[in-house]
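Work through the exercises below with the sequence and the model open side by side. Each task is followed by a stepwise solution.

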Amino acid sequence: MSRAGRISGRRAQAAGARTEAQVQASVERYARGGLAYFAKQHPPFIGKRHAGRVVGSYREASGSDFAGVVRGGVAAFFEVKTSGSPSLPLSRQGGKPSLSHNQRAELRRVWALGGVSGVLVRVVQTVKGKAAPSWWWLTFAAFEAAEAAARAERKKSIGFEALSEHGERLPMCGGGPDFLPAMISLISSRLSFVGRHMARASR
């Protein structure tokens, strides 16, 4: 790898670590306040000791980044996506979709069952020569709508305007994006959805 590539890779890793730390700060703040509990999901890993080192592989692809429950009993799952530009690419390096098959399937399943699921997005604009990060919350349904709109317009990313149209811009609080109020605003409609389906099932 070239020197420029190594520098770019280190910068990407540093940006990813900052993003994860910010989300974790919010997760821990909600837990301390008894408002919600979220846990970072890790795919099953099979490891073997070889030549004094542990080597192995993931048994299956990972689902969404975080899974948990909001106070009151509603399940909530979300994926975190970040971009160093003002838009979120629809695909990753190698042409794979930004939201993997497993992530999409899990978020869709949670949404279909009446839970809250979505994508927490961080993008970076340049304002007066300085980087200006912003955080957005998109429900799973809204994220898929934003993707579909971008593809219909033959775009390769979900732009800042699309994030504004389909998502909710989040304030920062306690060192992280304050996404829980956006989730809570969905709970009454999600509970109504569950109630209607339970009523039909009991007939």
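**Exercise 1.** What covers the buried residues of H3?

Solution. This is a predicted model, in which local features need pLDDT of at least 70 and side-chain atom pairs count only at pLDDT 80 or more, while totals for chains, interfaces and linings use all residues. Residues are numbered from 1 along each chain as its sequence is written, and side-chain values use heavy atoms, with hydrogens and water left out.

Step 1. Find the helix. Helices (H or I, at least four residues) and strands (E, at least two) are DSSP runs, numbered from the N terminus. The expected span of a helix is 1.5 Å times one less than its number of residues. For the 13 residues of H3 (residues 140-152) this gives 18 Å, and the end C-alpha atoms are 18 Å apart, which agrees.

Step 2. List the buried residues. Buried means under 20% relative accessible area, exposed over 50%, and partly exposed in between (1.4 Å probe, protein chains only). In H3 the buried residues are Phe140, Ala142, Phe143, Ala146, Glu147 and Ala150. They lie on the same side of H3, because their arc around the axis is only 165°; the arc is that of the directions from the helix axis to the C-beta atoms.

Step 3. Identify the cover. It includes strands S6 (88-89), S7 (116-127), S8 (130-139) and S9 (157-158), together with helices H2 (101-112) and H4 (160-166).

Step 4. Take one residue from the list. Glutamate 147 is buried, with a relative accessible area of 3%. Leaving aside neighbours within four places in sequence, glutamate 147 is in contact (heavy atoms within 4.5 Å) with Leu90, Arg104 and Ile158.

Step 5. Look past the end of the helix. Just after H3, arginine 154 has a positive phi of about 60°.

**Exercise 2.** Determine the strand order of the open sheet and follow the pairing through S4.

Solution. Step 1. Two strands pair if DSSP finds at least two bridges between them. The six strands are ordered S1-S4-S5-S7-S8-S10, with mixed pairing. S1 and S10 (168-170) are the edge strands, each pairing on one side only. From one strand to the next, the twist averages 30°.

Step 1. Start from S1. S1 and S4 run antiparallel and are joined by five bridges. Tyrosine 37 stands opposite valine 69 in S4, and lysine 40 has phenylalanine 66 as its bridge partner in S4.

Step 2. Cross to S5. Five bridges also join S4 to S5, again antiparallel. Phenylalanine 66 has phenylalanine 78 as its bridge partner in S5. S4 and S5 form a hairpin with three residues between them, and glycine 72 in the turn has a positive phi of about 115°.

Step 3. Four of its five residues are buried, so S4 is largely enclosed by the rest of the structure.

**Exercise 3.** Which face of H2 is buried, and what does that face pack against?

Solution. Step 1. The buried residues of H2 are Gln103, Arg104, Glu106, Leu107 and Val110. They fall within an arc of 165° seen down the axis, so they line one face of the helix. His101 and Arg109, on the other side of H2, are exposed.

Step 1. The buried residues of H2 pack against S5, S7 and H3.

Step 2. Axes are lines fitted to C-alpha atoms, for helices over the stretch in contact, and angles run from 0 to 180 degrees between N-to-C directions. H2 touches S5, S7 and S8, and its direction makes about 150° with that of S5. H3 lies across S7 and S8, at about 115° to S8.

**Exercise 4.** Which residues of the largest nonpolar core touch the most other members?

Solution. Step 1. A nonpolar core is a set of buried Ala, Val, Leu, Ile, Met, Phe, Trp, Tyr and Cys residues joined through side-chain atoms within 4.5 Å. Of the 22 residues in the largest core, Val23, Phe38, Phe78, Leu120, Trp137, Phe179 and Met183 touch the most other members.

Step 1. Elements giving two or more residues to this core include H1 (3-32), S1 (36-40), S4 (66-70), S5 (74-82) and H5 (180-201). H5 gives the largest share, five residues.

Step 2. Check one member. Leaving aside neighbours within four places in sequence, valine 23 is in contact with Phe66, Phe78, Val80, Leu120, Trp135 and Pro177.
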